[in-house]
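Have a look at the model first, then read on.

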Amino acid sequence: MTTQQVDLEAQLAQLQHSAQAAIASADTLEQLEQLRVNYLGKKGELSQVLRGMGKLDAGERPRIGALANEVKEILQSDLDSKRVALQTAQIQAQLEAETLDVTMPGFYRPQGRVHPLNSTIDQALDVFVGLGYTVAQGPEMETEYYNFEALNFLADHPARDMQDTLYLSDGNLLRTHTSTVQIRYMEENEPPVRIVAPGRCYRRDTVDATHSAVFHQVEILAVDEGLTFTDLKGTIKVFLEEMFGELPIRFRASYFPFTEPSAEVDVQWKGRWLEVLGCGMVDPNVLKAVGYDPEIYTGFAAGFGVERLAMVLHQIDDIRRLYSSDLRFLHQFQ
Ligand code: DAH
């Protein structure tokens, strides 16, 4: 055996040894591919060793050639099995990462609820829509005309006083009741009228357990030929019965500039009478203001305090809870 041959044999053994170690410790498919190129590629280490074969005697070449092939096959098979191992591990890791464990606790997403004021308004609207009323709305910023004048408030009526009404610097005001919608609707529509108008109202009230400077009303208005106080009473009774069931109610004579006669209605709740609405027959002056003929048409109207209705419905003892945004309170509803 020539030294050349011994030398090449040693180099092949050395190459096989280091290549196998490197393949065994490869962590990724990319690294493995790099090793294949480094050892077995065209310009790889094995090719370089084989270049030395040119110096061998012709008789020795086949043996070294065979040996080189053997090394190549060993390395190729090492690369193949390592590739399979890495691919399997990769799939395994992916499976583990993507497995859906249905026994794990879910993510908690807090759910919103309908505010008791909104659900009370919805409930009231449902009753009146069921009775054939149409939902109407008007702006919260109003003029003196719609809030007072067209509703037959005399120029010196105390309710126009700055104490009750929130005036804006431009002379407009924040509506003190939803009765404004009566006028706006009648101006735009011919009788017969049956509307229900929910909305927010504002007054310069001192806040306490039953008063809030911002509050809500639901207004109804019916105008037609031949409507009487009995129609009004029947409508109110049906409405309150739908809302509260069989709670005792009473009508009290009252006064509003825009109705004649007028009444207030109380509901018996927690042993006392709680006022929940004002109502009456539409004053002929109001019908005249919108161009309706009071000789032909009569009407009735009512304004419900939504906060009061909600308090009775949900046994709420203090109106301020409705505005406190306290989730412990709000979570109790629906
Ligand atoms: N607007 C009145 C208020 O705010 C409530 C009211 C009374 C409305 C009688 C009406 C009505 O439609 O007829 O206190």
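**Aromatic rings and a helix**

Ring pairs link Phe128, Tyr133, Phe239 and Phe304 into a cluster. Rings of Phe, Tyr and Trp (its six-membered ring) pair if their centres lie within 6.5 Å; planes under 30 degrees apart are stacked, over 60 edge-to-face and the rest tilted. The model is predicted: local features need pLDDT of at least 70, side-chain atom pairs count only at pLDDT 80 or more, and totals for chains, interfaces and linings use all residues. Residues are numbered from 1 along each chain as its sequence is written, and side-chain values use heavy atoms, leaving out hydrogens and water.

**Ring pairs**

- The pairing rule gives a count of ten aromatic pairs.
- Phe128 and Tyr133 have ring centres 5.3 Å apart and planes at 65°, so this pair is edge-to-face.
- Both Phe128 and Tyr133 are buried (under 20% relative accessible area, with exposed over 50% and partly exposed in between; 1.4 Å probe, protein chains only).
- Phe148 and Phe153 also form an edge-to-face pair, at 5.0 Å centre to centre and 70° between the planes.
- Phe148 is buried at a relative accessible area of 1%, and Phe153 is buried at 9%.

**Charges over rings**

- Arg184 places its charged end over the ring of Tyr146, 3.9 Å from the centre (the rule asks for NZ of Lys or CZ of Arg within 6 Å of the ring centre and within 35 degrees of the ring normal).
- Over the face of Phe251 lies Lys233, 5.2 Å from the ring centre.

**Helix H5**

- Buried residues in H5 include Leu117, Ile121, Leu125 and Phe128.

Terms used. Helix = DSSP H or I, 4+ residues; strand = E, 2+ residues; numbered from the N terminus.
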